[in-house]
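Subject: Handover of a structure for your attention

Dear colleague,

Please find below the structure that I am handing over to you. My findings follow it.

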Amino acid sequence: MYGAPLSTRARKVLLLGSGELGKEVVMEAQRLGVETVAVDRYANAPAMQVAHRSYVADMLDGDAIRRIIEEEKPDYIVPEIEAIATETLLALETEGHRVIPTARAARLTMDREGIRRLAAETLGLPTAPYRFADTLEELREAAQALGYPCVIKPIMSSSGKGQSVCKSEAELEECWNYAMEGGRAKKSRIIVEGFITFESEITLLTVRSISGTSYCAPIGHVQKDGDYIESWQPHAMTEEQIREAEAIALKITNELGGYGIYGVELFLTNDGVLFSEVSPRPHDTGMVTMATQDLSEFALHIRAILGFPIPSIRLLTPGASHTLKADRESKAFRIGGMEEALAVPNSQVRVFGKPETKVGRRMAVALSTAADTETARARARAAAEALHIKYDNE
Ligand SMILES: Nc1ncnc2c1ncn2[C@@H]1O[C@H](COP(=O)(O)OP(=O)(O)OP(=O)(O)O)[C@@H](O)[C@H]1O
Ligand SMILES: NCC(=O)N[C@@H]1O[C@H](COP(=O)([O-])[O-])[C@@H](O)[C@H]1O
Ligand SMILES: [Mg+2]
């Protein structure tokens with residue numbers, strides 16, 4: 001039971017991170033009459049444009065985050081990005097605040113080392129072979145041990161930032177420098193992983209709610225430079241693969257606990273299913289569920305957070321998503337081609353409303369449905385390719 005938003009009886013959700021995923025979470029909360037507050041590092045972030053109120057703060061500044069939370073006193077603190085002052089979240093949780101799904105889940109998934117060691121070393125889940133390194137010299141040793149090619153990632157980064165595939169010793173220094181520039185926090189540690197030749201990779205959206213654990217149909221995706229380009233649902237898998245995937249997802253999400261949606265990233269290989277990483281929040285590749293499911297990953301997240309039941313999740317149709325990315329930095333741009341994109345059958349577009357472009361920044365996504373995923377993928381690609389970014393002075 002709760003009152004109207006903006007009243008003393010309101011139920012209030014505060015998002016830490018306000019990108020395209022948070023924007024949809026806010027809109028789903030609004031649909032249930034919940035008050036929303038959006039926080040991020042810059043003004044006019046996508047979720048801020050639809051929330052009741054917003055704050056701009058350095059997300060790694062624990063004091064700044066604490067000040068906002070103490071002022072707002074939200075019922076739920078909902079991390080939307082990885083790089084947050086998670087020590088502060090742990091402290092706030094101890095003081096009685098609710099962090100979604102849990103402060104520990106946010107803490108462990110904030111850096112690749114925490115979650116990888118938990119998954120591989122504590123839970124014994126199969127993963128790519130890996131090492132950690134703090135210096136170029138340690139990277140050299142790690143690469144030697146793992147062999148080439150290997151994948152190098154800052155321990156704190158997402159959407160492929162600072163990530164590269166190193167093919168030989170000659171490229172090591174360049175990869176190291178790239179990782180140093182791409183990491184979100186002032187930490188130089190990196191993870192080096194053996195390169196996995198997978199048949200395909202999937203996200204298994206797994207929701208923990210008062211109704212128990214439920215899974216969405218698997219989402220297949222293609223990534224370029226560590227960032228997602230397209231996704232589709234359902235991804236064809238054998239029963240054995242589904243069993244393995246769900247078993248991994250259950251193990252890791254049971255360990256992390258709480259209520260909310262998780263995006264469990266898995267590689268499907270000839271030698272079975274490997275765990276890659278997990279987001280304790282909606283997943284970018286899961287945007288496809290806005291077109292395919294009765295309850296999108298964002299609606300599921302909000303339902304779970306509020307403690308409401310999720311008796312079933314229905315896949316209504318096969319579908320696909322395809323991203324539109326910027327190729328330069330600009331504050332003066334327009335997005336065109338909507339007429340052509342929306343002329344593609346069974347297609348929709350979400351424009352995130354980010355105020356600035358950057359090289360590789362995701363600005364919009366096309367969503368399409370069809371009787372089969374191949375047709376849906378072709379439609380989503382056609383719709384996304386019809387979109388274009390026009391920069392001033394071009
Ligand atoms: N060891 C590996 N072998 C082969 N490919 C890999 C490996 N690790 C990562 N990749 C590829 O790079 C992609 C991004 O990697 P990862 O998910 O670890 O980075 P990320 O920055 O956290 O991305 P996101 O935030 O979008 O989930 C993977 O989805 C996969 O396509
Ligand atoms: N893979 C994680 C992911 O997709 N996260 C989404 O991207 C936003 C940051 O975008 P930006 O870097 O363009 O500001 C985040 O706020 C979240 O919505
Ligand atoms: Mg990933």
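In which helix is E239 found? The answer is helix α8, which comprises residues 239-256. E239 is exposed, because 7 other C-beta atoms lie within 10 Å of its own. From E239 to I84 the C-alpha distance is 38 Å, and the two residues are 155 places apart in sequence. Please note that this is a predicted model.

Domains

The domain assignment of the protein chain gives domain 1 (12-99), domain 2 (129-194), domain 3 (197-316) and domain 4 (317-394). Between the C-alpha centres of domain 2 and domain 4 there are 31 Å.

Ligand 1

There are 20 residues around ligand 1, and A128, S158, E193, I196 and Q223 come nearest. Two or more residues of this shell are given by each of the strands β6 (150-154), β12 (227-233) and β14 (272-279).

Ligand 2

Ligand 2 is surrounded by 13 residues, of which G17, G19, L21, S159 and D284 are the closest. Helix α1 (residues 20-31) gives the most to this shell, namely 3 residues. The shell around ligand 2 divides into 6 charged, 5 polar and 2 nonpolar residues. Domain 1 and domain 4 both give residues to the shell, so ligand 2 lies between these two domains.

Annotated positions

An unreviewed UniProt entry carries the annotation "binding site" for E20, L21, E80, D284, K354, R361 and R362. L21 is placed in helix α1 and counts as buried, because it has 26 C-beta neighbours inside 10 Å. Not counting residues up to four places away in sequence, L21 touches E80, P282 and D284. D284, for its part, is found in the loop between β14 and α9 (289-292). With 22 other C-beta atoms within 10 Å, D284 is likewise buried. Apart from residues up to four places away in sequence, D284 touches L21 and Y228.

The unreviewed UniProt entry also gives the annotation "binding site" to E265 and E277. Is E265 buried or exposed? E265 is buried, because 20 other C-beta atoms lie within 10 Å and the cut-off for a buried residue is 20 or more. This residue has its place in strand β13 (residues 260-269). Leaving aside neighbours within four places in sequence, E265 is in contact with E201, T203, S276, E277 and V278. E277 lies in strand β14 and counts as partly exposed, because it has 18 C-beta neighbours inside 10 Å. Not counting residues up to four places away in sequence, E277 touches R112, I115 and E265.

Helix α12

Helix α12 (residues 373-386) has 14 residues, which should span 20 Å at 1.5 Å a residue; the end C-alpha atoms are 20 Å apart, so the two values agree. Within α12, the residues T373, A376, R377, R379, A380, A383, A384 and A386 are buried. What covers these buried residues includes β12, β15 (319-325), α11 (338-341), β17 (347-351) and β18 (362-369).

Backbone details

Two peptide bonds deserve mention. The bond from I100 to P101 is cis, with omega near -10°, and P101 has its place in the loop between α3 (86-94) and α4 (103-110). A cis peptide bond also joins Q233 and P234, with omega about 0°; P234 is placed in the loop between β12 and α8.

Positive phi values in residues other than glycine occur at K73, where phi is near 45°, and at D225, where phi is near 50°. K73 is placed in the loop between α2 (62-72) and β4 (76-79) and counts as exposed, because it has 9 C-beta neighbours inside 10 Å. D225 has its place in the loop between β11 (219-224) and β12. D225 is exposed as well, with 12 other C-beta atoms within 10 Å.

Yours sincerely

Definitions and conventions. Residues numbered from 1 in each chain as written. Chains lettered and ligands numbered in written order. Predicted model: local features only at pLDDT ≥ 70, side-chain atom pairs only at ≥ 80, totals over all residues. Near = placed C-beta within 6 Å. Helix = DSSP H or I, 4+ residues; strand = E, 2+ residues; numbered from the N terminus. Nonpolar A, V, L, I, M, F, W, Y, C, P; charged D, E, K, R; others polar. Domains from an automatic or database assignment. UniProt positions renumbered as here; feature names shortened; annotations may be inferred. Contact = placed C-beta atoms within 7 Å. Expected span 1.5 Å × (residues − 1).
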